[in-house]
Amino acid sequence: MLGLNAKDMSLLIVVAILTMCAPLILNPFPADSAMAQFNAGYPDLMQKFVIFGIFAIGFNILFGLTGYLSFGHAAFLGVGSYSCVWMFKLLGYNVLPGIALSVVTSGLFALLIGLITLRRSGIYFSILTLAFAQMSFALAYSVLSNPKFNLTNGETGLQVYANDPQWFHNSERLPDLPHIFGLSMRATQKVSVGGWEFQFNTGYYLCAFIMLICFYLAIRIFRSPFGMMLRAVKSNQQRMNYTGLNSRPYTLAAFVISGMYAGLAGGLLSAVDPLAGAERMQWTASGEVVLMTILGGAGTLIGPVLGAGLIKYFENIFSKINDNVLHGWFSFLPDGMEDLMVTLIHPFVGKGWHLTLGIIFMLVVTFLPGGLVEGGQRIGRMLSRKKSKEADSPASTEPAE
Amino acid sequence: MGILEVKNVGKRFGGLQALSDVNLSVAENTVHAIIGPNGAGKSTLLNCLIGKLIPDTGSVSFDGQSVLGRKPFEICQMGISRVFQTPEIFGDLTVMENMMIPGFAKRDGAFELNPMQRLLAQKDVIAHAEHALEDMGLADKRHMNAASMSRGDKRRLEIAMCLSQDPRLLLLDEPTAGMARADTNNTIDLLKRIKDERDITIAIIEHDMHVVFSLAERITVLAQGTPLVEDTPDNIKGHPKVREAYLGETQEVA
């Protein structure tokens with residue numbers, strides 16, 4: 001179906017069910033319980049899960065398939081964000097033109113940068129992309145933000161002002177916020193069941209739907225002759241060239257496609273929150289998507305999405321655990337022990353969440369080079385071995401009875 | 001006029017004159033061996049033929065067209081395929097995928113943007129690749145990772161990949177280097193069969209005289225970057241200049 005084999009189709013269906021039910025799945029704890037702070041099922045975070053999932057899926061098409069490690073993909077994210085806000089400023093708050101333009105501009109931008117950076121490979125390519133991203137950041141942060149020509153609004157960030165044209169905006173009929181055909185991106189339906197509270201948010205479902213399309217397209221790319229050529233680039237570029245294939249346009253196409261994914265993610269970030277800042281283009285943002293992809297499993301279909309989810313979960317949940325919360329957890333211990341536990345755990349939570357993430361990253365890269373996906377596969381294999389053993393053993397004992 | 005014409009080719013690396021005034025003509029549908037001691041410039045010459053190196057002087061033409069200034073993939077698309085000294089294959093891909101890649105290169109050319117086509121729907125390429133694998137006796141290894149095969153199998157795969165593009169000229173760079181005697185003999189038989197079954201010209205660089213004299217119809221001896229002599233195998237065996245430059249006084253030939 002849809003041009004996928006049975007295995008890929010079931011993966012797509014599982015991902016579709018998970019994303020559609022995310023508001024339920026991510027809120028396992030009752031709203032007033034002590035564990036409620038581990039709930040991730042609120043719109044802001046769920047939107048980040050799927051948007052950065054798109055970013056990582058696209059990055060994986062370049063890095064996972066061709067092995068070209070770009071350290072500058074945040075530049076495309078930023079270009080997408082700015083494009084989308086500009087559509088808000090000029091046309092109105094409907095998100096579709098903004099999202100469409102973010103894909104187009106980031107694609108063109110990726111074509112330009114790719115033409116230059118892909119002349120080199122390996123570490124030189126990485127450094128070139130990093131240099132371009134930092135130049136883009138500098139452009140956005142200061143150069144393209146002066147009174148005569150203000151494209152990015154510099155430090156403040158690009159946003160919609162009351163005196164912007166917004167030619168097609170009708171503030172009587174339409175919300176003064178990003179919307180899709182009148183349905184505000186912030187519209188949230190809250191449903192309370194017992195002690196649980198679930199939030200169904202328009203912005204999340206739009207992003208999730210787009211992520212599913214992106215995921216489907218990524219599967220198609222992975223399973224196409226083009227996708228095999230990209231893996232050939234990673235495996236042996238020399239053989240490829242001496243087999244009569246021009247590797248340059250293949251890598252360029254992969255670069256542009258992944259740049260468009262990044263731009264789309266940037267556009268969606270603006271669509272759910274119409275403010276685009278230059279910090280989105282900084283090198284830390286580029287590094288983050290590399291971490292997501294490696295953590296989840298580079299070159300696998302679902303890995304980057306998992307990696308993106310894990311990192312965003314840590315960033316938003318672990319960073320909120322402060323000393324008060326810790327004291328609450330360990331209040332059952334005698335005072336001295338309580339303070340000791342809080343002191344021990346303190347560096348790893350709250351502002352120190354990067355430390356926990358770093359440890360997890362090191363453990364994964366050391367023991368699971370294939371990322372979380374490899375971990376899942378190992379567990380799956382262990383379970384199936386156990387099951388087959390269990391299935392064997394009764395058969396062998398039966399005659400004795 | 002041969003299918004491959006090398007005229008007055010020279011190549012210098014810094015202070016080393018690797019090739020000087022090399023003239024070589026490979027006749028169509030023959031097996032032409034290039035031999036010579038280490039450092040004679042054999043590999044440099046081969047690299048000049050496939051676009052890896054650009055000679056400083058002279059000209060190289062294939063089937064009447066100059067190959068100089070063309071990129072390796074363009075030269076390959078003209079009909080020259082190369083087998084490397086250490087087998088160059090796609091190690092991370094399966095044997096079947098390895099065979100399909102040259103199939104796509106032949107069918108679709110140097111670049112084809114088809115991300116929405118299904119790999120498994122490319123019946124013509126798949127059928128061609130399967131046939132080629134069966135022909136090489138690699139059919140039962142089709143789902144193996146190419147990197148995990150033995151060296152002999154890797155060599156067969158690489159030769160099969162090159163042949164599946166129906167090249168008019170096949171360049172072999174020491175195809176039996178590092179092989180056991182049995183594998184070497186298998187490779188000789190394979191190359192003989194290829195020569196008999198196809199309209200193909202083969203140029204081969206080889207150290208192993210057993211291989212050279214089993215296959216070659218013409219032999220060029222290269223020494224210190226210049227062709228010393230070109231002749232039939234029988235004449236080369238007894239040629240005094242060759243003995244002196246390459247075979248040495250003590251070694252008995254074949």
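Let's start with charges: a search of the whole structure finds 23 salt bridges over all chains, a salt bridge being a side-chain nitrogen of Lys or Arg within 4 Å of a carboxyl oxygen of Asp or Glu. This is a predicted model, in which local features need pLDDT of at least 70 and side-chain atom pairs count only at pLDDT 80 or more, while totals for chains, interfaces and linings use all residues. Residues are numbered from 1 along each chain as its sequence is written, chains are lettered from A and ligands numbered from 1 in the order in which they are written, and side-chain values use heavy atoms, leaving out hydrogens and water.

One salt bridge joins the side chains of A:Arg239 and B:Glu158, at 2.6 Å from N to O. This pair crosses between chains, from helix H9 (residues 237–241) of chain A to helix H5 (residues 151–163) of chain B. Helices (H or I, at least four residues) and strands (E, at least two) are DSSP runs, numbered from the N terminus.

Now to chain A. An unreviewed UniProt entry places the feature "transmembrane region" at residues 12–29, 49–71, 91–116, 123–144, 203–222, 249–269, 289–314 and 355–376; such annotations, with shortened names and positions in the numbering used here, may be inferred rather than shown by experiment. Residues 123–144 of chain A are 95% helix and 0% strand, and their end C-alpha atoms lie 29 Å apart. For residues 49–71 of chain A, the span is 78% helix and 0% strand, with 21 Å between the end C-alpha atoms.

Strand E1 (residues 4–13) and strand E4 (residues 57–62) of chain B are joined by 5 bridges in the antiparallel sense, and B:Glu5 stands opposite B:Ser61 in E4(B).

The other open sheet to visit in chain B has 6 strands in the order E6-E7-E8-E3-E9-E10, with mixed pairing. Here the edge strands are E6 (80–83) and E10 (226–231) of chain B, each pairing on one side only. Strand E9 (residues 218–223) of chain B runs antiparallel to E10(B), with 5 bridges between them. Within this region, B:Leu222 stands opposite B:Pro227 in E10(B).

Conventions: Pairing = 2+ DSSP bridges.
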